[in-house]
Amino acid sequence: MTDILNIDESAAEEDELLETLNWQVEDLFDQCHIRIASYEEPLYGIADGDELIAALVSGSPDNDPWCCNRFSLVVHPDHRRQGLGQKLVEAFLAYCEADGFQAEAHVVNDEAMNPMLEGLGFTAHGPLWTY
């Protein structure tokens, strides 16, 4: 259950799979009342069987990935506090470090993420956390 799906790599293999995963990402964010920014695209997910239970979307707010890459994270309420979000953020950080750009998190109405972000090496600047 805790294997990370690289949604970008899945896209190269099967268009139908990508469509299903994108729909599940949008549905999961909607269920948790979290808005996906217009510049964010699905990147990583974790599934339990056929159901996506955690997802991370990312993008550059200025369409300049060399400036920074911001992410949004959601974990289904029934699967929280199991380290799934941290696994997705760690995969995202490895992705950012491999490509040489800065990672940012914009935390809105979820202070429960703050200790995780701090533990991973992020620094808070109001609601914006940088790595």
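In this predicted model, the hairpin formed by β2 and β3 has two residues between its strands, and G49 there adopts a positive phi near 70°.

Strand β1 (residues 4-6) is joined to β2 by three bridges, and the two run antiparallel; L5 stands opposite G45 in β2. Strand β2 itself, which spans residues 41-48, is mostly covered, with six of its eight residues buried.

The interior may be considered next. In soluble globular proteins, nonpolar side chains tend to be buried together. Here the largest nonpolar core comprises 25 residues, and those with the most contacts inside it are L56, F71, L73, V89, F92, L117 and F122. At least two residues of this core come from each of β2, β3, β4 (69-75), α3 (84-99), β5 and α4. Helix α3 supplies the largest share, seven residues. A second, separate core of ten residues includes V25, C32, A55 and V57.

Apart from its neighbours within four places in sequence, L73 is in contact with F29, I34, A55, L56, G85, L88, V89, M113 and M116.

The loop between β5 (103-106) and α4 (114-119) holds E111. This residue counts as exposed because its relative accessibility is 66%, over the 50% cut-off. Between E111 and P127, which are 16 residues apart in sequence, the C-alpha to C-alpha distance is 9.4 Å.

Terms used. Residues numbered from 1 in each chain as written. Predicted model: local features only at pLDDT ≥ 70, side-chain atom pairs only at ≥ 80, totals over all residues. Heavy atoms only, no water. Buried < 20%, exposed > 50% of the residue type's maximum accessible area, 1.4 Å probe, protein only. Helix = DSSP H or I, 4+ residues; strand = E, 2+ residues; numbered from the N terminus. Pairing = 2+ DSSP bridges. Core = buried A, V, L, I, M, F, W, Y, C linked by side-chain atoms within 4.5 Å. Contact = heavy atoms within 4.5 Å.
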